[in-house]
Amino acid sequence: MKMNTRAQSRLLLSTLLLSLLMNKACAFVVQSKIPRPSSLGSTKTNDAEISINPVVASVKVSKTVEIFSLVKQMETDGEKVTSLCVGEPDFLPPKAVLDAATAAILRGDTKYTAVTGTADLRNAIADDLKRRKGLEYNPQTEIVVGNGAKQSVYQGILATCGPGDAAIIPAPYWPSYPEMVALVGAEPIIVETTRESGYLMTPKALRKALEANPHVKLIFLCSPGNPTGGVYRKDDLLALAKVLDDYPNVAVLADEIYERLVYEGDCPSFASIDRMFSRTMTVNGFSKAYAMTGLRLGYVAAPQHLAKAITTIQSQLTSCAGSISQAAGVAALTQVSDDELLENVKIMKQKRDFVLGELEKIPGVSVSVPPNGAFYILPDVSGYYDGDDTELCLQLLKSKKLALVPGSSFGAPGTIRISYATSMEELKIAIEKLADFLGEQS
Ligand code: PMP
């Protein structure tokens with residue numbers, strides 16, 4: 001039977017919804033003709049049976065990406081979806097960035113760069129880290145520019161962990177951390193945090209996890225945190241460092257991609273804490289502060305031996321980040337003023353306060369710790385759907401066309417993650433939809 005495009009995409013959409021509902025891993029393909037495996041185990045066709053590497057088969061597809069793909073499919077079908085599921089600022093990159101990218105294209109700046117990035121960009125990164133964070137990295141040997149912080153995180157993990165090793169991940173966490181750890185064959189050790197601690201890992205919890213898991217090689221510190229917005233202060237970091245003094249073989253991956261989006265106080269780098277420089281990989285990028293998500297530009301700054309290992313990995317995986325994006329990155333760091341970025345922070349704070357205020361009015365929804373950075377809120381909605389946040393998000397998407405991500409994919413069951421980096425108009429619509437939907441449940 002021949003189906004028209006609309007009927008085909010409707011069929012695909014129901015398949016996707018069903019797949020999400022059954023909580024199954026699902027790769028998104030455009031042609032419904034391609035046979036879909038029920039899991040990533042193996043694909044049987046008439047011609048061949050190819051089994052998938054069991055390591056990959058055990059890795060979950062990002063729920064944010066799954067929901068985002070669903071939203072894109074619904075939009076292709078002509079449906080209007082309100083989407084607060086992706087961590088992407090709604091504003092354009094600064095003009096200086098757009099101009100630099102355009103100029104780079106027109107100059108024909110389209111060749112491979114050095115594996116670790118152009119000298120201009122590495123110098124600009126080193127200067128920026130020194131000026132704002134007091135960190136001294138050698139731009140020749142200690143900075144590796146990659147295609148987004150995501151790649152930098154993965155390469156940092158691969159450089160330090162392998163089969164038999166373990167990595168400590170404080171929960172709630174960015175969902176890619178445990179899956180990336182599993183991809184390198186290591187074991188993710190989840191350390192729960194509490195609302196009382198502002199969702200920050202306490203020194204006591206860290207010590208307990210290290211004592212219980214002798215194979216730990218790496219710990220993750222994400223500040224400000226996705227999805228909690230929690231920010232580690234200097235005292236918090238000093239206390240964690242004191243524990244780590246007893247574990248000299250444990251590295252730290254400090255994911256500071258949201259460090260320019262902090263509402264009160266500062267956000268010190270873990271590498272700036274006494275004695276911690278030599279074990280820390282500082283990851284940062286251009287996606288959040290400069291809204292350069294699609295330009296795919298991030299970096300890791302780390303002591304030479306770690307940076308060298310990361311460079312070796314990158315040289316075999318992608319050679320280098322895009323030359324146009326790197327030119328844009330130089331402009332971001334050298335031509336965009338702190339004041340211009342602070343304007344965005346002010347706007348984000350207004351949005352955060354609006355969403356917090358509106359959530360407070362919805363019965364059965366609570367936000368115990370107001371986020372102090374990034375652009376996410378993680379309200380507790382465990383009173384609905386018996387705490388099944390995935391079901392709640394799916395029904396919300398189906399009935400109100402509002403896309404949020406279930407907190408369970410961040411290690412925070414019973415919550416939903418709202419990304420408020422969108423326009424005020426969209427936020428108002430979203431909150432109305434959420435309030436209506438939850439009101440209908442009672
Ligand atoms: N780390 C965290 C905590 C993130 O939330 C993200 C993006 N959602 C990244 C890293 C990756 O950012 P990018 O690859 O776009 O630079």
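**Figure 1. Helix α6 and the shell around the ligand.** In this predicted model, helix α6 gives the most residues to the shell around the ligand. Its share is 3 residues. The helix spans residues 149-160. The shell holds 14 residues in total. Those that come nearest to the ligand are G148, A149, K150, G285 and S287. By class, the shell residues divide into 7 polar, 5 nonpolar and 2 charged.

**Figure 2. Strand β9 and its burial.** Strand β9 covers residues 280-285. The strand is mostly covered, with 6 of its 6 residues buried. In a regular strand, side chains alternate between the two faces of the sheet. Here T280, T282 and N284 point one way from β9. M281, V283 and G285 point the other way. Both sets are buried.

**Figure 3. Strand β8 beside β9.** Strand β8 is made of residues 251-255. β8 and β9 run parallel. They are joined by 4 bridges. T280 is buried and points the same way from β9 as T282 and N284.

**Figure 4. Strand β10 beside β9.** Strand β10 consists of residues 298-301. Its pairing with β9 is antiparallel and runs over 4 bridges. V283 has V300 as its bridge partner in β10. V283 is buried, and it points from β9 the same way as M281 and G285.

**Figure 5. The open sheet of β11, β14 and β13.** This open sheet has 3 strands, in the order β11-β14-β13, and the pairing is antiparallel. Its edge strands are β11, residues 376-377, and β13, residues 405-406. Each edge strand pairs on one side only. Strand β14 takes in residues 416-419. Between β11 and β14 there are 2 bridges, in the antiparallel sense. I377 finds its bridge partner in β14 at I418.

**Figure 6. The whole protein chain, for context.** The protein chain contains 14 helices and 14 strands. It has 442 residues, and buried residues make up 46% of them. Take the contacts between residues at least 6 apart in sequence. Of these, 72% join residues at least 24 apart.

Notes:
Residues are numbered from 1 along each chain as its sequence is written. This is a predicted model: local features need pLDDT of at least 70, side-chain atom pairs count only at pLDDT 80 or more; totals for chains, interfaces and linings use all residues. Two strands pair if DSSP finds at least two bridges between them. A residue is buried if 20 or more other C-beta atoms lie within 10 Å of its own, exposed if 12 or fewer, and partly exposed in between; C-beta atoms are placed from the backbone. A residue is near a molecule or strand if its C-beta atom, placed from the backbone, lies within 6 Å of it. Ala, Val, Leu, Ile, Met, Phe, Trp, Tyr, Cys and Pro count as nonpolar, Asp, Glu, Lys and Arg as charged, and the others, Gly among them, as polar. Two residues are in contact if their C-beta atoms, placed from the backbone, lie within 7 Å.
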